[in-house]
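Let us read a structure together, one feature at a time.

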Amino acid sequence: MRKTLAAAVAACFVAASPAAIAQEKLKIGVMATLSGALTSGGEDGVRGVQIAAKELGNKMAGREFEFIITATDASPDSALRAARKLVEQDKVQLIIGPLSGSEGIAMRDYSKTVPNLVMINGSSGALETTFVNPSPNFFRFNSDGAMWMAGLGEYVLKDKGFKKISVIAEDYSFPYTQVFGFALGYCRAGGEITQRQWVPLGTKDFGSVIANIPDDVDAVFLGLGGGDAVNFLNQYSQTGGKAKFIGGSIMVDQTVLSSKGAAKKLLVGTPSSGGVADAWDDPRWKAWVKAYQDAFPADKRFASPSLFATNYYNAVKALAVAMEKVKGDISDGGAKLRAELAKVELDAPNGKIKLDDNRQAIATTFITEVAELPNGDLTNKFVRAVPDVTQTLGLSLEAFKAVGLPSRTNPECKK
Amino acid sequence: MSDVIARRPIWSLIIILAVAILVWLVFSIWTPGMEAMFGRKRVFLSALFNGITLGALYFLVASGFTLIFGLMRNVNLAHGSLYLFGGYLGYSIGEWSGSWLVALVVAFLVVALVGVLMQVLLFRWMEGQDLRQTLVTIGLSIIFADLLLWNYGGDTFQVTAPDWLSGPVTLPFAVALRSNGEAVMMTYPLVRIAILVGAIILGVLMWLALNRTRVGMLVRAGVDDRDMLSATGVRVQLVFVMVFAFGAGLAGLAGVVGGTFQSLQPGEDTRILLSSLVVVIVGGMGSIPGAAVGALIVGLAEQFGSVYMPTYAVMLTFIIMVAVLAVRPEGLAARR
């Protein structure tokens, strides 16, 4: 259904590239959620790859490339359909994507069945994707959902004084992972989670969920995203509630902070953490924000690049670095490229990124707080950075495995 | 009334008992034992009210859908797109004029006009060809969805509720007692109550229009036998256009309402279409009371499901649909 948009975007690339074509163009598949609850995130991911392409002059290792963008809707089967289409119909060997957690797990399994494929994660953040039976041709240059929460639990307990909280989050792998990462730090530091409400992805009516929030908690952790997040805030403001919030990484992302309507103002002051901080004053980050703002007119983008745009941008950049190393040669089924990709160390806009043995990023997590700018836009104020976060969150592998995998109830957090 | 009780004593008793229990549940102060079984009273009450207001929204969408189907045998699968279009339009008009009511009226009129165009330009030319009409509506829904995505993008939109409708009100239901014996009253969003009242008024007006006016008589006759109706000299095409316009307009109006207390984004069109399909299947195709009953059941099922069995909430609606199809396939309120 959203193919027209994808085709239009692809057409722009074809039109923008120089006319002389010496050799056949390199085809790179891009998977993004261009329908469903995470549409705005998917669109920003596409902006990320477009900016990367522009910076690279549409060339990798001297070879021109084009993107083939396919739409998914955040469900694993839509991701599978999109990947099959790219591999079987468009004959691509390189794929950037997917965007959402459960899609990532489906792609880990799919990539194992196509040995010469090289897949670089777009922005999906489920822990299992690279931790349990990782695939040799799936690379992830972004942190997982748990790593994005590193340090947040201690921060809200010690600095904000939230001793008792409840959780409202969507019922799929990414929010499980986020709550898992948050709870590990929070509960170890002495906090308590009294209730967890898991709502289906795409929930429109939160009225009863809101009524179910306990009265005696200091704050509510919100692991929602996109339209669901906006619906929740809208309906929460209608009930006149006064609770404080803690935001999951995509709860306070620009996809929500840029939504139309007044309800997002409830988020001002909400602490959160994630892979980006909108108002970080690092020069590389500022350059990236400027590139993003210059590339699109103000009404066709967010106020600053979202997590999705940044991760997709990094994925293309990482691929470009590795392609230079192998001089654009992937005729060996991508074996050399995979070896080089595993060695890539990226000096990305959101901090240094390198990969571990599971081809999972070791990267920086940012603790942030939502603030209102003078012009009314909302932004994520930089609070502190937690550098070199590993997938085991600083625990030994054994200790981390003993905690178990993220689920609706794991880890326990009782006093 | 006494007639009904005499004919079906057992069912009447069950219904009266159920209503009595419900009233008692709503007004009594819950004991700790009951709280252990049903959770806190505030949760139960709010699920009940939310279910009813959600039902009101579904009723607005589904009544137009069912009217069009009943009269023209046209399963309009672009109905969800009309809803979404009305919502986006309401947002734009609301931002431009600053008035929620203007947005509501303009969305109704413009989407009604789109309905007229669809009927006059497309469906008139394929009358009686049910399958072809249905396929055309699917095509239209895809085109609408892409046009809306192109124009409004993937962002989430909310229609701003007017100040006099925002915020909560206190309802005269005690949900708990404080330690000093003072009752804690239930608070509830005013905008939802307004939507509920609006939907009830609209439903009553529609019922009156259908049962007490000449046009309503024509529509009802058309639902029963449109060939015979046109044979009596009624300009049946005009009736068709009017009904299509009204049904489409209602969808547009519902879009603004839905955009106010929920939100608008791509994909909303198919979700609301699916809900209306379930509503009319449960209630009975072509019946306005059926749409009301179906909407209420689906709304309540979604809300109670989300509180008491969150994992299976999505399934509950469809289980109800399957049960209705198995026991009474023509729908709960349809005439046999």
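Q: What should I know about the model and its labels?
A: This is a predicted model, in which local features need pLDDT of at least 70 and side-chain atom pairs count only at pLDDT 80 or more, while totals for chains, interfaces and linings use all residues. Residues are numbered from 1 along each chain as its sequence is written, and chains are lettered from A and ligands numbered from 1 in the order in which they are written.

Q: How many helices and strands does chain A have?
A: Helices (H or I, at least four residues) and strands (E, at least two) are DSSP runs, numbered from the N terminus. Chain A has 14 helices and 15 strands. Chain B has 14 helices and two strands.

Q: What does the radius of gyration of chain B say?
A: The radius is taken over C-alpha atoms, and the globule rule is 2.2 Å times the number of residues to the power 0.38. For the 336 residues of chain B the rule gives 20 Å; the radius is 21 Å, so chain B is as compact as a globular protein of that length. Its C-alpha trace spans about 70 × 55 × 35 Å along the principal axes of chain B. The C-alpha trace of chain A spans about 70 × 50 × 40 Å along its principal axes.

Q: Which residues make up the domains of chain A?
A: Domain bounds come from an automatic or database domain assignment. Here domain 1 is 3–143 + 283–349, and domain 2 is 147–280 + 365–403. Their C-alpha centres lie 27 Å apart.

Q: How many residues of domain 1 of chain A are in contact with domain 2 of chain A?
A: Two residues are in contact if their C-beta atoms, placed from the backbone, lie within 7 Å. On that basis 26 residues of domain 1 of chain A touch 28 residues of domain 2 of chain A. On the domain 1 side, the elements giving two or more residues are H2 (39–55), H4 (101–113), H5 (128–131) and H12 (307–325) of chain A. For classes, Ala, Val, Leu, Ile, Met, Phe, Trp, Tyr, Cys and Pro count as nonpolar, Asp, Glu, Lys and Arg as charged, and the others, Gly among them, as polar. The domain 1 side has 11 nonpolar, 13 polar and two charged residues.

Q: At what angle do H5(B) and H11(B) cross?
A: Axes are lines fitted to C-alpha atoms, for helices over the stretch in contact, and angles run from 0 to 180 degrees between N-to-C directions. The axes of H5(B) (79–97) and H11(B) (236–261) come within 7 Å and cross at roughly 55 degrees. Under 35 degrees counts as roughly parallel, over 145 as roughly antiparallel, 65 to 115 as roughly perpendicular and the rest as oblique. H5(B) is therefore oblique to H11(B). The residues of this contact divide into 11 nonpolar, eight polar and no charged.

Q: How do H13(B) and H14(B) pack?
A: H13(B) (288–308) and H14(B) (313–327) pack at about 150 degrees, with axes 8 Å apart. They are therefore roughly antiparallel.
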